[in-house]
Amino acid sequence: MKIVVAIKQVPDRDAPVRIAANAKWIEERDLQWAMNEPDAYALEEALQLKEKHGGEVIVLSAGPERVGSTIREALAKGADRAIQIMCGDLGARDALGVARLLAEAIKPENPDLVLTGLQSEDLGLGQTGVILAELLGLPHATLILHVEKTDAGLKVRRELEEGWFQSVEMPLPAVLTMQSGGNKLRYATLMGIKRAKTKELRAVNAAELGTAAAPVATLAQISAPKKQKSTQILSGSAKEAAAALVEKLKMEARVL
Amino acid sequence: MSVLLVLEESGGKIKRASWETLAAALKLGPAQDVTAVVIGAQTETLAAEAATKGIGKVVRVEHPLLAHYTADGFCLALHDLIQSQNGTKCVAFPHTYQVRDYAPALACKFGQVLIGDVIAIEDGPLFTRQLLQGRLTGTYRHSGAGPCFVSVQAGAFRTDTPETQGNAEPAPIELFTPTLDAAQIRTKPSEPFRESAQTVDLGSAQRIVSVGRGIKEEANMPMIAALASALDAELAASRPICDSGWMPLERQVGSSGQTVAPKLYLAVGISGAIQHLVGMKGSQCIVAINKDPDAPIFEVADYGIVGDLFEVVPALTEAVKAARQ
């Protein structure tokens with residue numbers, strides 16, 4: 001099975017974020033970056049499918065130079081080769097604009113399966129995979145926890161709300177967006193990291209994949225969230241704060 | 001602004017989230033400009049329910065191939081419908097798993113994107129949604145001629161206003177039959193199922209102690225159990241903890257787990273991504289213990305302790321034990 005995995009580099013979950021001076025996005029200098037977690041699960045699923053059925057895993061990511069480090073991490077975990085769409089203005093494109101870039105890069109590869117995470121941890125639009133399917137003319141399923149290859153194509157397990165699931169059967173080629181938690185993520189081995197350095201990483205300029213259309217949805221401004229409640233912060237040492245909290249829960253909230 | 005409101009049902013009743021979306025749609029225009037859409041193989045009862053809500057009209061999008069949800073079926077049927085409704089400026093959905101599965105593809109057919117998971121709508125219109133797992137919010141603007149596709153986060157808009165309660169005069173109901181062919185539906189879904197019988201009903205718990213990524217290792221879990229035991233509380237967790245197998249899946253709180261509303265919800269080491277918040281923000285009293293003062297969990301907390309949970313939790317367990325003696 002030839003599988004393309006679309007991954008995104010996002011700010012590390014624990015990295016402190018600051019709003020940039022123009023209030024359009026966050027300050028990216030000195031930020032730590034990581035592979036979007038649902039995309040890491042998509043990669044894991046691809047690697048396991050390859051181990052079972054053979055084939056090739058190609059990693060695809062769009063963004064500036066720095067994205068290369070996340071791509072190398074995917075190669076170190078076992079992907080065979082990678083394509084990086086060099087794109088300095090990813091944030092200025094909407095979900096459709098980004099998906100168009102990815103779709104154009106995927107088309108010449110003619111994969112059997114395209115996998116990606118169900119959403120990104122930065123913008124959280126949760127649309128790229130579904131739009132990709134539409135642009136590529138392929139069937140899709142979202143929030144997938146488990147993938148099984150059948151004679152007719154795929155049988156996947158899809159998560160529904162409130163603890164329900166369903167299985168979906170579909171022909172190949174297809175696009176799936178992966179939910180976190182279906183597999184255990186692997187770590188890159190030392191050997192893998194070494195090998196990754198010799199694997200093919202092809203750079204394609206965004207401009208070669210078509211002209212960017214004007215976005216239909218634009219992020220006008222970002223800000224700190226509005227508080228929904230006024231939180232009483234209990235300060236002091238751990239012991240003092242704990243004692244103050246118990247007092248509040250007993251006397252004020254009356255829940256003890 | 002004329003709005004198509006796509007309602008979602010569950011078990012033959014229109015979901016509450018659909019009415020919250022109506023509340024959101026009323027920020028864009030008067031109720032008379034709202035057309036509610038029900039979709040399925042048999043939609044008569046749903047349409048009758050929708051017609052009482054004081055809106056302009058109801059359209060039944062009906063076809064035998066829409067008996068079970070498929071992305072292909074819903075996309076094609078709604079594409080047909082939107083094209084038939086001249087002058088639609090906005091198409092609004094509740095932000096459910098089902099909508100996430102097909103609405104981006106539907107929007108794409110019109111060269112549009114979905115402005116998804118919206119929590120507020122202001123004049124402009126400007127659509128507010130959360131970024132970076134709730135650490136920031138962003139306002140989005142739609143431009144261009146095509147209809148604006150929007151989905152609305154569960155719980156973000158109130159349905160207890162008179163406008164969404166409905167009135168006596170039922171709205172006119174139209175039937176729309178989309179052109180669908182079985183060959184166009186490429187996926188075959190099964191009936192929904194549950195993993196195993198649910199043995200824990202967190203929904204009826206009075207007190208819940210819930211733990212998140214901040215706990216770092218499975219070896220640290222007994223510390224949380226001790227606090228829960230002192231408080232006589234049920235144990236729960238955020239998704240990553242259940243994904244790691246440190247807590248059974250049935251104790252997961254959030255959009256993919258249970259929705260709870262206890263008297264006391266104590267969140268330990270949970271940053272408060274929206275997927276978690278939707279499952280617990282209805283709790284009477286929320287306490288958050290987290291090392292990050294900017295963690296979104298503090299936006300919904302009544303009481304907070306900013307600090308190292310490995311120091312705070314044992315101290316709290318002792319304090320609770322002393323107080324309950």
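**Notebook: a two-chain predicted model**

I looked up I121(B) and found that its bridge partner in strand β8 of chain B is F127(B). I take helices (H or I, at least four residues) and strands (E, at least two) as DSSP runs, numbered from the N terminus. Two strands pair if DSSP finds at least two bridges between them.

I note that the model is predicted, that local features need pLDDT of at least 70 and side-chain atom pairs pLDDT 80 or more, and that totals for chains, interfaces and linings use all residues. Residues are numbered from 1 along each chain as its sequence is written, and chains are lettered from A and ligands numbered from 1 in the order in which they are written.

**Entry: β7 of chain B and its partners**

I followed β7(B) on both sides. With β8(B) (residues 126-131) it pairs in the antiparallel sense over four bridges. The two strands form a hairpin with three residues between them, and G124(B) in the turn has a positive phi of about 150°. With β10(B) (residues 148-152), β7(B) pairs in the parallel sense over three bridges. In that pairing I find I115(B) opposite V150(B).

I then checked burial, where a residue is buried if 20 or more other C-beta atoms lie within 10 Å of its own, exposed if 12 or fewer, and partly exposed in between, with C-beta atoms placed from the backbone. β7(B), residues 114-122, is largely enclosed by the rest of the structure, because seven of its nine residues are buried.

**Entry: the sheet across the two chains**

I traced the strand order of an open sheet of ten strands and got β12(A)-β9(B)-β8(B)-β7(B)-β10(B)-β6(B)-β1(B)-β4(B)-β5(B)-β11(B), with mixed pairing. Its edge strands are β12 of chain A and β11 (173-176) of chain B, each of which pairs on one side only. Neighbouring strands of this sheet are turned by 35° against each other on average, direction ignored; the axes are lines fitted to C-alpha atoms (for helices over the stretch in contact), and angles run from 0 to 180 degrees between N-to-C directions.

At the end with chain A, β12(A) (residues 217-223) and β9(B) (residues 136-142) pair in the antiparallel sense over six bridges. I looked up T218(A) there, and its bridge partner in β9(B) is R141(B). At the other end, β5(B) (residues 57-62) and β11(B) pair in the parallel sense over four bridges, with V61(B) opposite F176(B).

**Entry: contact between the chains**

I listed the contact between the chains, counting two residues as in contact if their C-beta atoms, placed from the backbone, lie within 7 Å. It takes 71 residues from chain B and 66 residues from chain A. The chain B side divides into 32 nonpolar, 22 polar and 17 charged residues. For these classes, Ala, Val, Leu, Ile, Met, Phe, Trp, Tyr, Cys and Pro count as nonpolar, Asp, Glu, Lys and Arg as charged, and the others, Gly among them, as polar.

**Entry: chain B overall**

I count nine helices and 18 strands in chain B. Its C-alpha atoms fill a box of roughly 65 × 45 × 40 Å along the principal axes. Of its 325 residues, 54% count as buried. Among its contacts with a separation of 6 or more, 65% come from residues 24 or more positions apart.

The domain assignment of chain B gives domain 1 (3-184) and domain 2 (202-324); such bounds come from an automatic or database domain assignment. In chain B, six residues of domain 1 are in contact with eight residues of domain 2. The domain 1 side of that contact has one nonpolar, four polar and one charged residues. I also noted that the C-alpha centres of the two domains of chain B lie 34 Å apart.

**Entry: chain A**

The assignment for chain A gives domain 1 (2-209) and domain 2 (231-256), and their C-alpha centres lie 44 Å apart.

I looked at β7(A), residues 140-149. Five bridges join it to β8(A), and the two run antiparallel. K149(A) has L154(A) as its bridge partner in β8(A). The hairpin has four residues between the strands, and G153(A) takes a positive phi near 155°. β7(A) also pairs in the parallel sense with β10(A) (residues 174-178) over three bridges, where A141(A) stands opposite L176(A).

I next checked G163(A), which is found in the loop between β8 (154-159) and β9 (164-170) of chain A. G163(A) is partly exposed, with 16 other C-beta atoms within 10 Å.

Last, I checked helix α3(A), residues 95-106. It has twelve residues and reaches 16 Å from its first C-alpha to its last, close to the 16 Å expected at 1.5 Å a residue; the expected span is 1.5 Å times one less than the number of residues. Eleven of the twelve residues of α3(A) are buried, including R100(A) and I106(A).
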